[in-house]
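Hi,

Here is the structure I promised to pass on to you.

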Amino acid sequence: MERTNSFTEGRILPTLLRFSVTVFGALFLQALYGGVDLLVVGQFAGTGDVSGVVTGSSLLNTLTMIITGLSMGVTILVGEAIGRWKPEQAGQAICNGILLFFFLGLLLTVGLIAGAPTLARWFQAPEKAFLPTVHYIQICGAGGLFIVGYNLLGAIFRGLGDARTPLLAVLIACIMNIAGDLLLVAVFHLGAAGAALATVASQGISVLTAVLLLRRKTLPFPIHREFFHLPWTMISHELRLGLPVALQELFVGTSFMVIQGVANTFGVVSSAGVGIAEKVCAFIMLVPSAYMQSLSAFVAQNRGAGKPERARRALFDSLMTAGAAGLFMFFTLFFHGDVLASLFTREPDVIDAAASYLQSYGVDGFLSPLLFCFIGFFNGCQMTLFVMFQGMLGALFVRIPLALFISQLPGATLFHIGLSTPASSVVQLALCVGMYVWRRKRVE
């Protein structure tokens with residue numbers, strides 16, 4: 001058996017940093033799908049199309065987060081099998097995950113195409129942006145299998161300790177997406193619909209590239225035809241681990257969609273401003289996401305190999321570098337939000353609205369890398385139910401109620417509404433630290 005990348009030996013911090021940087025690169029390029037859409041539409045289309053891309057991509061980002069969370073079960077099982085030196089178990093987990101996520105992709109496609117108008121109304125899309133929002137959701141929904149396929153392949157490769165293959169696949173697709181956006185939006189003036197078409201085509205290319213690269217690799221597990229069935233034991237284990245993480249992502253995504261809905265009631269400028277700010281934050285938050293995904297795979301492999309102390313050392317090494325990254329994120333968001341927002345739009349009012357929201361979000365820029373390190377550690381330890389609990393508490397009982405309450409206050413601004421996000425992170429981080437201390441005392 002040949003391991004793609006073993007996390008169970010060697011120096012911890014350099015290995016983890018190399019893997020995290022590569023994971024960040026793949027996440028950054030994947031985020032460029034929506035970012036390039038908004039950038040090109042903001043430069044070559046009207047405010048209605050910008051708002052349509054903002055609202056539609058907000059939904060699709062949430063769905064992608066849910067799928068990524070659900071695929072965490074595959075990452076954990078594959079990582080543990082690799083750590084235990086059990087390649088056949090890794091192969092079984094992957095094959096059954098492929099079947100499970102294929103059916104999920106079909107369900108996602110049908111739901112988005114048929115339910116796009118209802119979803120646009122739920123998100124309170126402004127009248128001027130209603131049709132662009134519907135078209136964006138429907139066209140992207142037609143590529144549901146591509147969305148699911150890429151995220152599943154990424155989960156498989158992370159479990160193996162291989163972040164380079166998905167990075168190469170998404171790099172090729174990102175280049176194609178940029179070319180498609182420029183052609184369909186800037187040349188043919190298709191607005192939000194053109195951006196959606198370019199996104200779907202590039203996602204399809206990403207999946208095809210990843211599959212071709214997978215076929216050419218020497219895999220550290222066998223693939224047998226008889227693995228492609230749906231035994232309840234394996235499926236239930238993947239769902240038991242992945243579903244709580246998916247629900248946690250749903251809660252988080254829902255809370256931000258509520259904030260987007262609140263901003264929509266303030267008018268099209270606030271709607272576009274918060275949407276652009278969230279797009280900026282989506283890029284900034286790739287740093288903590290890279291920590292989380294890398295630690296999940298690292299901890300899973302070491303737990304499978306019977307090395308829990310090495311997994312704990314990885315957590316503390318990550319927290320040190322995450323603190324430094326958080327300070328940089330705070331400074332950038334708080335003091336230079338207007339510069340970041342201007343990358344996506346030329347309208348001064350929208351830039352001011354986005355910058356106001358980003359100032360309060362900057363506090364969360366410091367907290368989130370620390371929080372996501374703990375989340376990645378707990379995921380790798382199969383404590384996904386706790387991950388769901390802390391995410392649900394922060395999103396449903398802190399972020400949403402606080403945002404709604406603040407929005408009703410006289411003189412409330414986007415800056416004040418944005419404070420609901422760091423408030424929830426403080427609560428979640430306190431829960432994570434408390435759980436870690438309690439768990440250590442219980443083990444000892």
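Below is what turned up on aromatic rings, a surface patch and cysteines.

Before you start, keep in mind that this is a predicted model: local features need pLDDT of at least 70, side-chain atom pairs count only at pLDDT 80 or more, and totals for chains, interfaces and linings use all residues. Residues are numbered from 1 along each chain as its sequence is written, and side-chain values use heavy atoms, with hydrogens and water left out.

Let's begin with the rings. A pair of aromatic rings is described by the distance of the centres and the angle of the planes. Rings of Phe, Tyr and Trp (its six-membered ring) pair if their centres lie within 6.5 Å; planes under 30 degrees apart count as stacked, over 60 as edge-to-face and the rest as tilted. The structure holds 16 such aromatic pairs. In one of them, F102 and F103 have ring centres 5.7 Å apart and planes at 70°, so this pair is edge-to-face. F102 is partly exposed at 42% relative accessible area, and F103 is partly exposed at 48% (buried means under 20%, exposed over 50%, partly exposed in between, with a 1.4 Å probe and protein chains only).

Another pair, F256 with Y361, is tilted, at 6.2 Å centre to centre and 35° between the planes. It links distant parts of the chain: F256 sits in helix α9 (residues 232–265) and Y361 in helix α13 (residues 348–380), 105 residues apart. (Helices, H or I, are DSSP runs of at least four residues, numbered from the N terminus.) Both F256 and Y361 are buried. There is also one aromatic cluster formed by F316, F374, F377, F378, F386 and Y436.

Now back to F102 and F103. Together with L106, L145 and F146 they form a nonpolar patch on the surface, with about 440 Å² of accessible area (Shrake-Rupley method, 1.4 Å probe). Helix α4 gives the most to the patch, with 3 residues. F146 lies in helix α6 and is partly exposed, at 33%.

And how many disulfides does a search of the whole structure find? It finds 0 (a disulfide is a pair of cysteine sulfur atoms within 2.5 Å). For C140, the nearest cysteine sulfur is that of C174, 15 Å away. C140 counts as buried at 2% relative accessibility, and C174 counts as buried at 3%.

Cheers

How values were computed: Helices (H or I, at least four residues) and strands (E, at least two) are DSSP runs, numbered from the N terminus. Patches are made of residues with over 30% relative accessible area and no salt bridge: like charges are joined within 9 Å, nonpolar side chains (Val, Leu, Ile, Met, Phe, Trp, Tyr) within 5 Å. A salt bridge is a side-chain nitrogen of Lys or Arg within 4 Å of a carboxyl oxygen of Asp or Glu.
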